[in-house]
Amino acid sequence: MKILLEIKDLWVEVEGKEVLKGINLTLPVGQTHIIFGRNGSGKTTLLMTIMGFPSYRIKHGKIYFKGEDITNLPPYERAKKGIGIMFQRPPTIKGVKLRDILKLCAKENNIKIEELAQTFQFEKFLDRELNKGFSGGELKKSELLQLLVQNPDLVLLDEPESGVDVENIQLIGKMIKKLLQKDTPHKPRNKSGLIITHTGFILQYVAADLGYVIMDGEIYCKGNPVEIFEGIQKYGYEGCKKCLKRFSW
Amino acid sequence: MKKETINLKKFKSAKETSKPKDLSELTEEEKERLKLLGLDEKLKREGEYVQIDATPLLCRKKIEGLEIFPITEVFKKYDFISDYYWKAVSSEKDEFTKAVAEDLDNGYFIRVLPGYKLVYPVQTCLYIRTENIAQKVHNIVIVEEGAELNLITSCSVHPHIGSALHIGVSEFYVKKGGKLTFSMIHVWGEKTDVRPRTGIIVEEGGTYISTYVSLFPVRNIQTAPVCRLLGKDAKASFISIIANYPGSYVNIGGEVHLEAEETKTEIISRNVVYGGENIARGKIIAKAPKVKGHLECQGLMLSDEGIMRAIPELDSHFYDVELTHEAAVGKIAQEEVEYLMARGLSEDEATSLIVKGFLTVKIEGIPPALQAQIDKTLELAKLGF
């Protein structure tokens, strides 16, 4: 199995506080992994560190992407190499239209922006200022549209279902499936995904190959994502802690 | 010496320069610069006026209902000019207006006859080609009842000259129900001093929209147009889009007098400060009840070397008025830069895009050709770090 992303003993500090404490993770090409965790458990820090944002300071450990050590690369170099991120709360950028960003994301990718936006009923937003006055669902669509145009090999999704109403969640699930090539199940996949969630509801729309639970900056559990989610629903994250006491690994 | 002060004596008269016969005598580089300002043969326009130093080189109109002349010709042609000449700006206002009154080089006179609504813009260009001269112009624009005019003025200097001074007195009259969209796109030089002195009078139901774009370095510019809204329902908008560079002193004001009921105004400025000193002033004076005015000034600081001052002022002489202002000065949000970096833009590209976005003001009522010209100028200006 070809490995796309490998994280080895990653320790990360944010504003002087140790948030990630020795994360190990391996994501093969074509697979989607999902990380469950409470707010403040370190999930977002993990995604931001993989993307390379400077305020997430790596104290120890390595990140390999396509076999190359990217631990010290800036975010735009990582983006060029094929990593893309969907932000949970993207900022508004005044005076810059969604269309402008999509053109920049497309670079040499020959993607018909108008058509793609129409597919997801989002063409009316192309000439609006990026994220200005967008609802929760619209923010997610805008993010996913940018990623579809950017076409990364590794997609990092930060709470993709948060703030989305029932009507929109299906469409968002559809967009994620397209992004991860899950809309064509019979074809071999080369896109991989890393999804973080605290509610886990996204699993109803996007299947994952492997699940993890992250608590206090450490990965506590690894296994079948549906079973993990059912366990969390039944016993909460407290249950994970007790479970760990019994089946420590 | 105060930054507002300029020693007029050190400049030569623009009349003493050698006079080119026509535009073909300009170098390719100069032609390119004028093209950048929108003086492009491919662009549709209703008329044009080009003055180089003190000499009008091109003055033509393409349609009926429009008059364009060098102002010195109008003094002989129209007696009524005395009703407009020095009526919106006082010749005694300051040393610069006095200098123009004493020794006028030239300038343009543009009039749109009643009821004529011009589709394409009229373009004027005031160009300084000779080192160390003072170009002193006086412009008068009259938009008669129910008429409409989009006027684009481009001012620039020769790409390689040193010191120069431009003094431009402009008097604009918008008659009942008329509309004047006046836009200045400037490419001055790092050693140019600029003193526009502008007065605007708008009658009942008339509209005046002014857009000032200066995205290239200038040494010293100070201007504060005064607009009087004399008739009911008259409106005025002032928008300035400024990039301020190290060594530049840019002091742009705007003063609107709401002198009749139901008059409205807005003064909006966007300033990006890479260095130098930037002053954004705005003043709205309510001299009648039931008027509305809004001032908005936003500054983006990209350096610790520069100074930005936002000075909004609201005066009211009546209780039944609505005057508001908002001003904000700050830095680029790191969160926005990082967001764009995650989409593959370098830090410099991300900053440049955010700055362009910040300077993109949606201006109601301006013609698409002008918006395109502003967008083009934004593209060409180097707005990163």
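Select Lys43(A), Thr44(A), Thr45(A), Leu46(A), Leu47(A), Met48(A), Thr49(A), Ile50(A) and Met51(A): these are the buried residues of α1(A). A residue is buried if 20 or more other C-beta atoms lie within 10 Å of its own, exposed if 12 or fewer, and partly exposed in between, with C-beta atoms placed from the backbone. Helix α1 of chain A runs over residues 43–51 and is mostly covered, with 9 of its 9 residues buried. Helices (H or I, at least four residues) and strands (E, at least two) are DSSP runs, numbered from the N terminus.

The model is predicted: local features need pLDDT of at least 70, side-chain atom pairs count only at pLDDT 80 or more, and totals for chains, interfaces and linings use all residues. Residues are numbered from 1 along each chain as its sequence is written, while chains are lettered from A and ligands numbered from 1 in the order in which they are written.

**Chain A as a whole**

Along the principal axes, the C-alpha trace of chain A spans about 55 × 40 × 40 Å. Of the 249 residues in chain A, 42% are buried. Among contacts in chain A with a separation of 6 or more, 71% are between residues 24 or more positions apart. Two residues are in contact if their C-beta atoms, placed from the backbone, lie within 7 Å.

**Helices α3 and α5 of chain A**

Select α3(A) and α5(A), whose axes come within 7 Å and cross at roughly 30°. That angle makes α3(A) roughly parallel to α5(A). Angles under 35 degrees count as roughly parallel, over 145 as roughly antiparallel, 65 to 115 as roughly perpendicular and the rest as oblique. The axes are lines fitted to C-alpha atoms, for helices over the stretch in contact, and angles run from 0 to 180 degrees between N-to-C directions.

The crossing of α3(A) and α5(A) is right-handed. A crossing is left-handed if the near helix is turned anticlockwise from the far one by less than a right angle, and right-handed if clockwise. To see the contact, display Leu98(A), Ile101(A), Leu102(A), Cys105(A) and Ala106(A) in α3(A), which meet Ser142(A), Leu145(A), Gln146(A), Val149(A) and Gln150(A) in α5(A). The residues of this contact divide into 7 nonpolar, 3 polar and no charged. Ala, Val, Leu, Ile, Met, Phe, Trp, Tyr, Cys and Pro count as nonpolar, Asp, Glu, Lys and Arg as charged, and the others, Gly among them, as polar.

**Between the chains**

Next, bring both chains into view. Their contact takes 21 residues from chain A and 18 residues from chain B. On the side of chain A, α2 (75–81), β7 (93–97), α3 (98–106) and α5 (136–150) each supply at least two residues. By class, that side of chain A has 15 nonpolar, 3 polar and 3 charged residues.

**Chain B as a whole**

A compact globule of 385 residues would have a radius of gyration near 21 Å, and the 20 Å of chain B agrees. The C-alpha atoms of chain B fill a box of roughly 65 × 55 × 45 Å, taken along the principal axes. Buried residues make up 54% of the 385 residues in chain B.

**Two loops of chain B**

Most residues other than glycine have a negative phi. Go to Asp53(B), in the loop between β2 (47–52) and β3 (55–61) of chain B. Asp53(B) has a positive phi of about 50° although it is not a glycine. With 25 C-beta neighbours inside 10 Å, Asp53(B) counts as buried.

Then find Glu262(B), in the loop between β17 (255–258) and β18 (264–273) of chain B. Its phi is near 65°, a positive value in a residue other than glycine. Glu262(B) has 18 C-beta neighbours inside 10 Å and counts as partly exposed.

**Last stop: α4 and α5 of chain B**

Select residues 334–341 (α4) and 347–359 (α5) of chain B, two helices whose axes come within 9 Å and cross at roughly 120°. α4(B) and α5(B) are therefore oblique to each other, and their crossing is right-handed.

Note on methods: Rg over C-alpha atoms; globule rule 2.2 N^0.38 Å.
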